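Biologist: Before we discuss any details, please show me the model and its sequence.

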Amino acid sequence: MQKKADAKKVAQHKAANRNWKECKVWGDVGRQSRADDDSPRPQFQERAIQFAPLEEPGPVLSQFNRFSNPLGVFKSMLGGEDTLYLLREATNDYIAEFWSSRKTPPSRKVGGKPEGRLIGPRLPAGGFVTDHELVAFFGIQFLIGYHRLPELSMFWEQQPDAGLGLGIIQQAMTRERFKFISKHIACASPWDDVDPNSDDPDQEPERPDPIRKIRPLVKRLNERYHACRKPPRGQSIDESMVKFKGRSVLRQTMKNKPIKSGFKIWSRCCHRGYTYKFEIYQGARFGEKQGRSRNNEAVERVVVDLCQPLTDQGFVVAFDRFFTSIALLDKLRENGVNAVGTILPSRVNQPIMTKNESNLRPDEFAAKFGGEPGTCRKGIFVWRDTKAFRVASNYHGSNLVKVRRKQRDGSFKTKSCPKAIDDYVNNMGGVDTANQLRSYYERDRKAKKWWHRLLYSLLETCLVNSWICFNDMVRSQMAEIKTSNTQ
């Protein structure tokens, strides 16, 4: 039985290999050749979709005030008054629902000290949140991200041996009020219907949205991230983790990652670390049946959805071997997206390489081009530097480039490699940069509600995007001032 399975597998590989051709003539990287020259020419030309941006990558100034301060840029990135209204109404609805079957929450003070000394007027009972309180609450959350204390209550401490707390926080909000808002903060009203088709007997039941409690904010932020900054040509798609050790059906465990337990988020970022679009991993999609998908179909749908705003514009998207497949490269080519990424040798519909990773000598490379009839031409590249790795692309040809690689002794050595590998290295890493920037002043506080971790993580991502846009705006203003001074 095993021999029959092996024979079938060999037959499939041979059938797939007929549609691929090995590259024997590579492009000359030393100089441009003329038509009547005898210098080597690429056997396979590059077939990239044309990219012609109207403007340079950077912030969309129509979304910001040209001379905005950092707080104004952050509010614009968050969505302005509309997002604050969404969060305030959802929080107040949750407060009303939470206390409907319980006693009414006590009246509260405006300002004052934690000991209870009254400074401001008392407001009516009910405990509903105002816009001013909501902004102050989020400001405190960002502040405790870089001013670290062992316990949260120490920010309101009055004893000399504890450092006398932090005056700016004590003036903004009392400790009990902060705890009250932390307990009741919400992004979606509890009165919203979970499944609108649940009462229809003829409608097949669908899976409820697993992230319903944070879905409105996710949708709003994705719209703002895309509208606030013009993207560069090269971008990358990768995963990031939000730490969480509690109970949730969305929690993932990966032993070999720095964050071993938490929520997984797919993101599309540029090399600066700006997040243009993200999606929270939630198993089967909202409205889809639960079931196993074969041939990496679920991951392919994630990449296609993240690249949907880039359709037919000639962008280059890089991703790692977890996402890459031959079918995904074909789908992205149909959508007008240039794609390149490392690929596992076990992925289906790949050719049999004449020299695989183990047989290559240092600085040696090989490639094959082809694909199934009716699909785009793809290339499989294998290159050995310190170690061998395999790259697949839907637009590269057999062009070579010169790259500088750092050696073990600290020196640099110039080598030749396929252009596909160089483009992958240059475009990959944007999501890691975004995670690094977000981790510098991360609000690392425990939360019992699973979506609180996601809420504060999304706000930190919004803060990083605002910082990048503000830097771009300041840099452009300084360039204008320098230009005007030289004239």
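**Salt bridges, cysteines and packing**

Modeller: In this predicted model, the side chains of E460 and R438 meet in a salt bridge, with an N to O distance of 3.9 Å.

Biologist: Which helices does the pair of E460 and R438 link?

Modeller: The two residues are 22 apart in the chain, and the pair links distant parts of it. Both E460 and R438 are buried. E460 belongs to residues 450-486, which form helix α12, while R438 lies in helix α11. The helices are therefore α12 and α11.

Biologist: How many salt bridges does a search of the whole structure find?

Modeller: One of them joins E239 to K257, whose closest N and O atoms are 3.5 Å apart. That pair also links distant parts of the chain, since E239 is in strand β4 (residues 234-243) and K257 is in the loop between β5 (252-253) and β6 (261-269). The search of the whole structure gives a total of 23.

Biologist: Is E239 buried or exposed?

Modeller: A residue counts as buried under 20% relative accessible area. K257 has 36% and is partly exposed. E239 has a relative accessible area of 14%, so E239 is buried.

Biologist: R361 and E364 also meet in a salt bridge; which relative accessibility does E364 have?

Modeller: The N to O distance between the side chains of R361 and E364 is 3.9 Å. R361 is exposed, with a relative accessible area of 54%. E364 counts as buried, its relative accessibility being 15%.

Biologist: Which residues are linked in a network of salt bridges?

Modeller: A salt bridge requires a side-chain nitrogen of Lys or Arg within 4 Å of a carboxyl oxygen of Asp or Glu. The network of salt bridges links D363, D385, R405, K413 and K415.

Biologist: Why is C228 in no disulfide?

Modeller: The structure holds 0 disulfides. For C228, the nearest cysteine sulfur is that of C469. A disulfide needs sulfur atoms within 2.5 Å. The sulfur of C469 is too far for a bond, because its distance from the sulfur of C228 is 6.3 Å.

Biologist: Are C228 and C469 buried or exposed?

Modeller: C228 has 0% relative accessibility and counts as buried. C469 has a relative accessible area of 0%, so C469 is also buried.

Biologist: How far apart are the end C-alpha atoms of helix α3?

Modeller: Helix α3 covers residues 80-98, which makes 19 residues. At 1.5 Å a residue, the helix should span 27 Å. The computed value agrees, the end C-alpha atoms being apart by 27 Å.

Biologist: Against which helices do the buried residues of α3 pack?

Modeller: The buried residues of α3 include L84, L87, I95 and F98, and among them are also R88 and D93. These buried residues pack against α2 (70-78), α4 (131-146), α6 (175-184) and α7 (215-228).

Biologist: Which residues form a nonpolar patch on the surface?

Modeller: Patches are made of residues with over 30% relative accessible area. Y440, in helix α11 (residues 430-440), is partly exposed at 45%. Together the patch has about 400 Å² of accessible area. The residues are Y146, Y440 and Y441.

Biologist: What percentage of the residues in the chain is buried?

Modeller: The chain has 12 helices and 14 strands. The chain exposes about 27,000 Å², of which carbon and sulfur atoms supply 51%. Of the 487 residues, the buried ones make up 45%.

Note on methods: Residues numbered from 1 in each chain as written. Predicted model: local features only at pLDDT ≥ 70, side-chain atom pairs only at ≥ 80, totals over all residues. Heavy atoms only, no water. Patch = residues over 30% accessible without salt bridge, like charges linked within 9 Å, V, L, I, M, F, W, Y side chains within 5 Å. Areas by Shrake-Rupley, 256 points an atom, 1.4 Å probe, with all protein chains shown as cover. Helix = DSSP H or I, 4+ residues; strand = E, 2+ residues; numbered from the N terminus. Buried < 20%, exposed > 50% of the residue type's maximum accessible area, 1.4 Å probe, protein only. Expected span 1.5 Å × (residues − 1). Contact = heavy atoms within 4.5 Å.
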